[in-house]
Amino acid sequence: MPLLIKGERIDVAQPTRELIYNYPELEERAKLLRSQSAQTVGPKGLLYVRQREFAATTPKDGSVSILGSDDATTCHLVVLRHTGSGAICLTHCDGSDTETEVLLIMNAVKVLSPNMECGRLEVHLVGGFNDDRHLSQRLTKQLLKLNDRQEKAHHFPLIYGIAVNVKTGEIFPATFPDKGPDEDLRSASGLTGTKMVNIYDSKKEQLCIGPYYWMPFPHVEFWLEKDDQTILQNLSTSPAAEPPHFVSHIRAALTYLKEHPFPDKSLFPSRKPRLYRKNEDGLWERVSSDQI
């Protein structure tokens, strides 16, 4: 599928810097987003998407009104929306298997847009910065530095997270104090190298977590004994740019892996996902798979 800017087909193989130079409207849109202060988004009506997860829904969704994700440094947050149906998908990509992930999110939107001809697909990329290892630039090119600031010779992202209004398609910078159910479980799964997964059934309006399977995490005791700086330097793609809670989240995920070396036995013995629905207050509430 070709990528168009104002109806003109573009060559995605060209360098990112050249693309921005040739299409200054991209930089203008980025500046507009960067100029907005990050809003704090609460859990009501929120569907939070973690790294290597994606979720898609439509404006008809009665449970979810906001899709959101943050903590993106070298990672990219991708929003794909069909202008006709309003179907929208948010994913948090880290470059692990980009080609397959693009196919997954495109299919997620297509399934929710029965008449694809009545409208077009719009894509928004947020994330990445001028990191020392050039991982951001590589991922940007795979998916197609407008998100970079510099302090004392160190580079940082300007925007770490975004929220998307499901009804209107509006995108804005955001932070999320509440990242949804099973936070440690989902983080632990990411550390084991899980593939990109769809976490939401928009027809049933259910959050679906797992089932996940992994082998005992190698050297977990070794990492848990290390100090914060060692964890930061070795388990981050951009140590200087991580948010303050990075190490505590990694420790929590490592602890979870230590406590559950065989999740098929301790977490998912029935091989069924953990299911959640929004209650009357707009908050996630676990439901039994037997009720579905």
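1. A nonpolar core here is a set of buried Ala, Val, Leu, Ile, Met, Phe, Trp, Tyr and Cys residues joined through side-chain atoms within 4.5 Å. The model is predicted. Its largest nonpolar core has 42 residues. Leu-47, Leu-67, Ile-162 and Leu-185 have the most contacts inside that core.

2. Strands E7 (76–82), E8 (88–93), E12 (162–165) and E16 (206–209) each supply at least two residues. So do helices H5 (183–191), H6 (220–225), H7 (228–235) and H8 (246–259). The largest share, 7 residues, comes from H8.

3. A separate core has 13 residues. Among them are Leu-80, Met-106, Val-109 and Met-196.

4. Look at H8 next. Its buried residues are Phe-246, Val-247, Ile-250, Ala-253, Leu-254, Tyr-256 and Leu-257. They pack against H5, H6, H7 and strand E17 (274–278). The length of H8 checks out: its 14 residues should span 20 Å at 1.5 Å a residue, and its end C-alpha atoms are 20 Å apart.

5. Ile-162 deserves a look. Leaving aside neighbours within four places in sequence, Ile-162 is in contact with residues including Leu-67, Gly-68, Ser-69, Leu-77, Val-79 and Leu-90. Its contacts also include Val-126, Ile-171, Phe-172, Pro-173, Ala-174 and Phe-176.

6. Now the sheet. Five strands form an open sheet in the order E3-E13-E12-E6-E4, with mixed pairing. E3 (39–40) and E4 (46–48) stand at the edges; each has a single partner strand, so one side of each lacks a neighbour in the sheet.

7. Within that sheet, E6 (residues 66–69) and E12 run antiparallel, joined by 4 bridges. Leu-67 stands opposite Val-164 in E12.

Key: Residues are numbered from 1 along each chain as its sequence is written. This is a predicted model: local features need pLDDT of at least 70, side-chain atom pairs count only at pLDDT 80 or more; totals for chains, interfaces and linings use all residues. Side-chain values use heavy atoms; hydrogens and water are left out. Buried means under 20% relative accessible area, exposed over 50%, partly exposed in between (1.4 Å probe, protein chains only). Contact means heavy atoms within 4.5 Å. The expected span of a helix is 1.5 Å times one less than its number of residues. Two strands pair if DSSP finds at least two bridges between them.
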